[in-house]
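Thank you all for coming; I would like to take a few minutes to walk through one model with you.

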Amino acid sequence: MSDSPFPFGPIPVLQGRVVVVSGDDIDTDRIIPARYLKCVTFEGLAQGAFADDRLELEGSHPFDRPEHQGASILVVNRNFGCGSSREHAPQALMRWGIRAVVGESFAEIFFGNCLALGIPCLSGDHATILALQQAALCEPDSHFSLDLATAEIHSQSPGAAAESTQRWSLELAAGPRQMLLSGQWNATGQLLSHDEELLRTAARLPYMASFTSV
Amino acid sequence: MGLEGTVSAGTLYDKVWDMHRVAELPGGSTQLFIGLHLIHEVTSPQAFAALKELGLGVRHPERTVATVDHIVPTTSQVRPFADSLAEEMLSTLEGNCAEHGITLHGLGSGRQGIVHVIAPELGLSQPGMTVACGDSHTSTHGAFGAIAFGIGTSQVRDVLASQSLAMNKLKVRRILVEGRLQPGVFAKDLILHVIRSLGVKGGVGYAYEFAGSCIDALSMEERMTLCNMAIEGGARCGYVNPDATTFAYIKGRPFAPEGMAWDQAVSWWSSLASGPDAVFDDEVRFDAGTIAPTVTWGITPGQGIGVDETVPTPEQMAAEERPIAEEAYRYMDLAPGTPILGLPVDVCFIGSCTNGRLSDLRAAAAVARGRQVAAGIKAFVVPGSEQVAALARAEGLDRLFQEAGFEWREPGCSMCLAMNPDRLEGRQISASSSNRNFKGRQGSASGRTLLMSPAMVAAAAVTGHVSDVRELLENLCVFASAPAETRPVAMSPSLLP
C-alpha cells in the first residue's frame, strides 16, 4: 500500500506503477462490499477494496499480487463504478494507494466521487485501454507518468532507453481537468463563496416560501 | 403568480435546472440549489465529521430530512441493536441530527422507513424540486417531476454546508412507452425491460424522461418503481412529468401545501412539464403490450429475460456483452439456453425502495392468498416504511402473508443490500423484488439474485421455483387497472406537523 499522503493541492502529474482490473460493469458493491460500509469513518477501508473478488481468487487478484503492491494507477474497462453511490468505493481504492483511474468509461456518480477526492478518472478508447493494459501486464515494473494537462500517459520500462517510451492519449473533460490542475477539485469553498446568488436562487423558488408569496 | 423562470421552454429537466442554477463555477460545472436533502446513517457520518473539521454548520437544516434504513434489523428493533456497529451508526446519526436541528424520522416514530419510501409518503418529494441524497436510488423521487439524484459523501458534506452542489447538466432521453402493460406485468417488468434493451450503461450522461400513454396510466407508486431503477440503466436521474395523478397523490400528505398554497403549487407544478416545444437529445420507444414478466438471470440488472425465454447464448448477444455474460454463466451456474422458468430458488424477498410500497405488497398478497410457501423456501416481507406496514396491517396483509408461510418483518432496506442481519448464505439463490443482482449484493460473496416483480417473487415462493405469475392468477383483471393509490389514512393526528 502507498505511503503517499492523500491528494492535496494542484495535481499536474501522477506517477507510479499500474494495476489492471479488467472487466466491464464492475460495480461499487464489488469495489467494496456493503458489510464494509458499517462504519462512521472512512479509515480502514483499504482492506475492503475488492474484498469478495479477492476472496474468490485466493490471492491471485491484481490487488493481492506482489508485483502490484504500491501501484497507484488503476486501469479498468467500461462503466467502472456503476451501481451504488457509496463514496466508500473511491475511498477504499485511495486508501489502498490508488491516485488515478484510467478506463474506457466510468459511471457518473463514481467519477464525481473520485473528483471530490482529487482522484482523476481519465478515459480512452477501447484499443488504447487494451494496449495500455497489455503493456502494464507485460512489464508490471514499468513506471508510468500521467500528465493531466495533456491527458497523456506514458510508460518507461526500468533500465530501458528513453526511445522505448510508449505514449497513449486519453481524455478528461476541461472542467474536471482544470479543477485538478488548479487544486480546486474540492468544491466546498467555491460553493460557499456565492452567498448572494444562493439567496437569489432560493427567493425565486416558490416552494422555499411554501407557495405563499404572490 | 409572477414567478421568475416559470415560463421557460424546454423539458422539465431544463426548466428545473435553470430555476435552481446559482452560479457557473470556474471548472465549468454549475452550482445547483438543492431543494430537499435526504440523509441516512450510512453515507452521512463522514460528511458531518468533515463539516466539524471545517468549522461549518448546516445551511438549511429545515430542508434536510433524516431517517434510518440501511442497517436496521427487521426482526427486533429494540435498542441497543445486537450489532454494535449498527448501533454506533444510528446513535451517530441521532447525535448529528440533534446537534444541527435536523428532523430525524426514527424507529417507532410512525414515519421511519426507507428514505425513498418515506419522503414521498410524507409529501416531502414534490414536482420541480431538486432532491439529493447519498444513495443512488434517489432517482425514485423523479416520479414526481423532481430532478433527483444520488451523491457521494463529499457531496453530502457540500449540500449540508451550502444547500447546493457542483453539477454538470445531463442530456435528456425521452423514453416513450405506449399502450398498456398486460395483466401480471408491472412497472418493475417495464423498467427491467428498458434496461435490458438500452443496457446498464446506455443511460450514462442522460436523464431519462418517461412519457407516453403507458406512463400516463401508471400510479405514483408504479412511477416510483420505474424512476428508482433509472440508475440501473446508467441514468443518474429518471423522471415523469407531473400530472393529475401526481397532484392527487401529494394532496393531504403531512408536508403538502394546503389551501391557497395548494392552488399556487398545482399551478406552478403544472407549468414545469416538458412542453410541446421541448427538444430531446434522444428518444426511444417501447410498446408496453409486448412486455412479459421479466427476470434477471445474470449479475447486472441488464441481464434480464422474459419469464418464458431462455438464458441467452453468446451468439445471441453483441460481442461486447459476451465477457460479462461468460462471468454471469459461471457465477450463476446457469448454462446458455437454460429456461429461467422452473429454476429452483432458496430465498424470496419482498421489499426495498424499488418494491416495498403498499401496492407492491398487495400485488404479492394477491398471489400468496390461499397458498403456502413451498417446503424449504425462506420467504419474507419487509414493508418499506412504518406507514406502509400500518396500512398493510389495516388491510390484514400481515396475517395473509403469515398464514401463507411468509415472515412479516419490520421496515428497512433489509436484504436488498444486506447491511443488516438479513442475508443470503453461501450459494443460495434468491427471488428478489429489489434492484441489484450484483455479485455478492445480498450479503454472501457467492450468493445469487434473480430480480423480478413482487408478484413474481410471491409466485416463486409458493412454487419453490421461478414461475409465470400469469398462470397463478385466476382473476388477472385484478391487475388490468392500476391499483388504488396508497392514501395516508393511517397517519394519526399527532403525527401531523
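This is a predicted model: local features need pLDDT of at least 70, side-chain atom pairs count only at pLDDT 80 or more; totals for chains, interfaces and linings use all residues.

Let me begin with chain A, where buried residues make up 53% of the 214 residues, a residue being called buried if 20 or more other C-beta atoms lie within 10 Å of its own, exposed if 12 or fewer, and partly exposed in between, with C-beta atoms placed from the backbone. Residues are numbered from 1 along each chain as its sequence is written, and chains are lettered from A, with ligands numbered from 1, in the order in which they are written.

Chain A has 8 helices and 8 strands, which are DSSP runs numbered from the N terminus, H or I over at least four residues for helices and E over at least two for strands. Its C-alpha atoms fill a box of roughly 75 × 40 × 30 Å along the principal axes. Of the contacts in chain A between residues at least 6 apart in sequence, 68% join residues at least 24 apart, where contact requires that the C-beta atoms of two residues, placed from the backbone, lie within 7 Å.

Turning to chain B, we find 16 helices and 19 strands, and 61% of its 497 residues are buried. A compact globule with 497 residues would have a radius of gyration near 23 Å, and the 22 Å of chain B agrees with that; the radius is taken over C-alpha atoms, and the globule rule is 2.2 Å times the number of residues to the power 0.38.

How confident is the predictor? The model scores ipTM 0.95 and pTM 0.95. The mean pLDDT of chain B, pLDDT being the predictor's confidence in each residue from 0 to 100, is 94, and 94% of its residues reach 70 or more. Over residues 1–7 of chain B, however, the pLDDT is below 50, and this stretch has 14 contacts in the model beyond near neighbours in sequence.

Now to the contact between the chains, which takes 71 residues from chain B and 56 residues from chain A. Several elements of chain B each supply at least two residues to its side, among them α3 (84–100), α10 (259–270) and α11. Which element gives the most to that side? It is α5(B), with 7 residues.

Within chain B, the domain assignment gives domain 1 (12–285) and domain 2 (293–479), bounds that come from an automatic or database domain assignment. The C-alpha centres of these two domains of chain B lie 24 Å apart, and their contact takes 38 residues from domain 1 and 41 residues from domain 2.

Finally, consider helix α11 of chain B, residues 322–332, whose buried residues are Ile324(B), Ala325(B), Ala328(B), Tyr329(B) and Met332(B). They lie on the same side of α11(B) because they cover an arc of only 150 degrees around the axis, the arc being that of the directions from the helix axis to the C-beta atoms. Glu326(B) and Arg330(B), on the other side of α11(B), are exposed. What covers the buried residues of α11(B) includes β19 (448–451) of chain B, and α11(B) is followed by Asp333(B), whose phi is positive, near 60 degrees.
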